[in-house]
Amino acid sequence: MLNHMAMTPDTPPPGFPARNAAPDPVPAPPSRAYLDIMAAQSRRLLETSSYVPAEREDAPEELYDRLERAVEDQREELVDILHDLHRHPEEAFREVHAADRLLAHLEARGLVPQRPAFGLETAVHAVVESPGFDPGRHRTVAVLSEYDALPGIGHGCGHNVIAAAGLGAFTALAGLLREGAGGLEGRAVYYGTPAEEGEAGKELMARAGAFAEADAAIMLHPYFADVADQAWLGRRVMRAVFSGVAAHASSHPFMGRNALDAAVLAYQGVGLLRQQTPPTDRLHAILPEGGERPSIITESATLKMYVRSRDPETLKALSARVEEVMGGAALMAGVGVEVRWDESPATLPVRTNGPLTDRWVLAQRRRGRDPLPRGTLSEALAASTDFGNLSFRLPGIHPLIGIAGEDVALHTREFAAAAGSPAAESAAVDGAYGLAATALDFLHDDALAEAVRTDFEERGGAVDVEHYFD
Ligand SMILES: [Zn+2]
Ligand SMILES: [Zn+2]
């Protein structure tokens, strides 16, 4: 009877295929219900909301035209770079091929880029100024490119698109700045920023002095939709190392103290803690070390976890709760625990600058794109980026540009395929123009620059990012 029950297919919930209750080597596919409901919500919101940028004094039309032409002139090369990086994915800190390719493009346009830069072998730095540039009177805008890939799935985050767009934007703007076209004054700095995935290359560069010369920093990221401003969570990396006492697990178990028990209790404790956290907090852990063999009481076990939250303050508070859970688990198992935070620097949430976002949206509309306003997509669709650390140092934007279908999430093979598609090529070119035009506006329009600064101060101003969690 029992056996018969076990073989009877369950009645599946909506979205699930029928499955036997018996052990099955194939995992159950997740239900799409949550995704479908979020998509329907976004569509309803879109019918009633659209982004309304504040009116500003535009730069002379001729300058936008020139930027557009300069980007179009590079189209073939930018597309070639996009595909070259896509074919040669390189993980964090090892992006030698990508960095050299960016360097060569800058040199071919008469610029003098540096690599290594700011202590990182694969970081790139280039500067261009208008004639008579005066740092006391004129502004500096930073344009960023990322280019690292993911283990196993290559450019599943589409950083090859970021690389091409940032590069195209900077070189287009450099042409105008060098000759002071239309009386344009200011400076543009290009930062090739390695090691975003799982690391915080931008934070390392900032600690080595990068970005200090800039008044604003801009970059884009590919996505499944054009979005003016999406939530990005702050993230810390925690490693808890539990230390027990080894013993023969059969003959002398009473002489042991089991570090794996503590790690498992900690893992479960984090699961229970989730009941009391808002949906914008994220806790996800692995157990990279849990013992050598079953006959030895585990002497050492490790739990590694990412702790994420929507605001720096809540990230700090959540970190304290997590640390208490680690201590409590150790106490229950009678083992020691050492909690190590931020082996690679913590990343803060992205604080998006409103007036700069307005200019990005207007520039994208010129290219036939219409980025969604914040709140159209669920805040639950949130990851993290080291750009957050810059956005708490200086005003910045990190808008999203669509290269894939609605169902295609970041960090998947499907997104990696999209990052080498014709849609990615268009996004790189449209994005290059959008960043260049936003940078032009920021350098050209004093009132805009003032509004950018005021917006930044109203959201809390500059934060001591390096020591925020000390
Ligand atoms: Zn990513
Ligand atoms: Zn990414």
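This is a predicted model: local features need pLDDT of at least 70, side-chain atom pairs count only at pLDDT 80 or more; totals for chains, interfaces and linings use all residues.
Residues are numbered from 1 along each chain as its sequence is written, chains are lettered from A and ligands numbered from 1 in the order in which they are written, and side-chain values use heavy atoms, with hydrogens and water left out.

The protein chain is divided into domain 1 (61-232 + 350-467) and domain 2 (234-341), with bounds that come from an automatic or database domain assignment. The centres of the two domains, taken over C-alpha atoms, are separated by 38 Å, and their contact (heavy atoms within 4.5 Å) takes 9 residues from domain 1 and 8 residues from domain 2.

A volume is the space filled by probe spheres set on the points, which are joined across faces, edges and corners. The largest pocket holds about 930 Å³ of space; of the 43 residues that line this pocket, Tyr223, Phe224, Leu381, Ala409 and Leu410 are the closest to its centre. Among helices (H or I, at least four residues) and strands (E, at least two), which are DSSP runs numbered from the N terminus, α2 (33-48), β5 (221-223) and β8 (300-309) each supply at least two residues of this lining, and the largest share, 7 residues, comes from α2. Because domain 1 and domain 2 both give residues to the lining, the largest pocket lies between them.

The second largest pocket, with about 220 Å³ of space, is lined by residues including Asp229, Trp232, Arg310, Arg374 and Arg459. Both domains also contribute to the lining of the second largest pocket, which therefore lies between them.

Two packed helices are described by the angle between their axes and the distance between the axes. Helix α3 (residues 61-73) and helix α4 (residues 75-87) pack at an angle of about 55 degrees, with their axes 5 Å apart. The contact is formed by Val71, Glu72 and Asp73 of α3 together with Arg75, Glu77 and Leu78 of α4.

Most residues other than glycine have a negative phi, and most peptide bonds are trans. Ala195, although not a glycine, has a positive phi of about 55 degrees and is found in the loop between β3 (187-192) and α7 (201-207).

Definitions and conventions. On a 1 Å grid over the protein atoms alone, a cavity is a set of points where a 1.4 Å probe fits but cannot get out, and a pocket is an open set with protein on both sides within 12 Å along at least five of seven lines; lining residues have an atom within 4 Å of a point. Axes are lines fitted to C-alpha atoms, for helices over the stretch in contact, and angles run from 0 to 180 degrees between N-to-C directions.
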